[in-house]
Amino acid sequence: MFETLKKFLIDELHVNEADITMEAELSGDLGINSLELADLVYICEEKFNLEIADEDLHGFITVGDVVRYLEENAK
């Protein structure tokens, strides 16, 4: 799951590969803004066949938070 998310962050959001760790903060460390977060959510919903509720987004602080969410909720 981490590698899939990492590839998306690199290819689609042009995040520096070296910056992507499980502990990296999406906004603070990777510079992902709210529009890019929306793109990330959309791609994850499509790729993993799930729906991410708006209230769940508040828990997406680090890359690890997103990975854990996907591992727990992907179908």
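The accessible surface of the chain, computed by the Shrake-Rupley method with a 1.4 Å probe, comes to about 4700 Å², and 45% of this area belongs to carbon and sulfur atoms. The model is a predicted one, in which local features need pLDDT of at least 70 and side-chain atom pairs count only at pLDDT 80 or more, while totals for chains, interfaces and linings use all residues. Residues are numbered from 1 along each chain as its sequence is written, and side-chain values use heavy atoms, with hydrogens and water left out.

Of the 75 residues of the chain, 35% count as buried, a term that means under 20% relative accessible area with a 1.4 Å probe and protein chains only. As for charge, the chain carries 5 positive side chains (Lys and Arg) and 19 negative ones (Asp and Glu), and the centres of the two sets lie 8 Å apart, with each charge placed at NZ of Lys, CZ of Arg, CG of Asp or CD of Glu.

The fold has four helices and zero strands, where helices are DSSP runs of H or I with at least four residues and strands are runs of E with at least two. Along its principal axes, the C-alpha trace spans about 30 × 20 × 20 Å.

T62 sits in the loop between α3 (54-57) and α4 (63-73), and T62 counts as buried because its relative accessibility is 15%. Apart from neighbours within four places in sequence, T62 is in contact (heavy atoms within 4.5 Å) with M22, E23, A24, E25, L26 and R68.

Methods
Buried means under 20% relative accessible area, exposed over 50%, partly exposed in between (1.4 Å probe, protein chains only).
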